[in-house]
Amino acid sequence: MSAKGPRGPDEGALGALAVLRGLAQAPLLGALGYQLRRRQWDPRDLDLDLSDRVCLVTGASSGIGLAVARKLATQRATVVLVCRDAARGAAAVSEVTAAAGHGRVHLELADLSCREAVRALAARTADRFPRLHVLVNNVAATFLERQLTPEGLERTFATNVLGGYHLTRLLLPRLLAAAPSRIVHVGSAVQYLHRLDVDALVSPPQRYVGEIVYGHSKRAVAALNHLWVDQLEGTEVSSTCGQPGLVATPGVAQTFPRYHRAIGRLLRDPDQGADTVVWLAASPEAARSSADLWFDRERHPEHLFRWTRTEPDEPKRLWARCAALCDLPESLSTLVPATRSR
Ligand SMILES: NC(=O)c1ccc[n+]([C@@H]2O[C@H](COP(=O)([O-])OP(=O)(O)OC[C@H]3O[C@@H](n4cnc5c(N)ncnc54)[C@H](OP(=O)(O)O)[C@@H]3O)[C@@H](O)[C@H]2O)c1
């Protein structure tokens, strides 16, 4: 992964251009951007019959995850909705089933911030579905105060980073069995403001600012995605990270009520926010590309600012820390032999 700063004038100029391009695009994160961009998209990209695919979406009880699950199911995919609350999960399953017009919509309950729950979820999923074609790691949250999980992990890290990593590791055999298959991580534009710092991520400083810790977690998701791409090279399992833009969701309304009241009308709705994720999960066009960061069906750079670049080994340190916390070997070599030499 390219984690070094610009090395020469050309690279520096390209970096400055990327910054300008990034700033110019900021207003496009909302609904206006979606309306403008969709004119360039080919509607056939998402006019699909996914009846032979099994897709698992985490955080499917509300917001973007629910919209992703609904869209995949209406294209006839079998969809597993992972939710943490039984009542909200049942409501989501009813809504998705009604929209899809078929009954291949399943509910799994799990708290993704809990490693025991992720292990149990993966075991149940693997039992029920020998082949998994799409895994959407959508769960994330912003916590305004520092919290620990009952397992003693900082909650933002446990929920937004470790849960998705752990689930992906445990479901990898099922994704490999279904290849060509896809892993889609839901990122965020805030990652562009943050630098990966593994120690601060796993154990945030005492002066805890929820929005900053959330941003760190989203940078970590993108960094891990880059390593997934690397580790899965030579397999037919792709890994991508798609960011949804700025979206009016229950999570945003609950955590940032003033922001939601002030500019809610300018934000994307959940279906619009789900578009890039669904496109990455299902479209043949997305399958033809090897890029790993996406927004509005376009490739995006990994960094906009020089200060967010880290030492090349920092993402690997994160991977190793996550593997250790999940009691898994660091290497995927037993599943993906080609990774032995990496
Ligand atoms: N909204 C935005 O503007 C925006 C922008 C950039 C990126 N994103 C990303 O988009 C994704 C979805 O966000 P959203 O705005 O749709 O959020 P949301 O409305 O809060 O939905 C989050 C979903 O995740 C579930 N969830 C949260 N913690 C969980 C846990 N520990 N275990 C299992 N499920 C859990 C929630 O379940 P409950 O229903 O039980 O709460 C809910 O279904 C996140 O990755 C977020 O970072 C959102």
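Residues are numbered from 1 along each chain as its sequence is written. Because the model is predicted, local features need pLDDT of at least 70 and side-chain atom pairs count only at pLDDT 80 or more, while totals for chains, interfaces and linings use all residues.

The protein contains 13 helices and eight strands, taken as DSSP runs numbered from the N terminus (helices H or I, at least four residues; strands E, at least two). Its radius of gyration, taken over C-alpha atoms, is 19 Å, close to the 20 Å that the globule rule gives for 342 residues, so the protein is as compact as a globular protein of that length; the rule is 2.2 Å times the number of residues to the power 0.38.

Of the 342 residues, 44% count as buried, meaning that 20 or more other C-beta atoms, placed from the backbone, lie within 10 Å of the residue's own. The largest nonpolar core has 82 residues, and Leu72, Val79 and Leu81 have the most contacts inside it; such a core joins buried Ala, Val, Leu, Ile, Met, Phe, Trp, Tyr and Cys residues through C-beta atoms within 7 Å. Helix H6 (residues 155–177) supplies the largest share of this core, nine residues.

Helix H11 (residues 270–282) is largely enclosed by the rest of the structure, because 12 of its 13 residues are buried, including Trp279 and Leu280.
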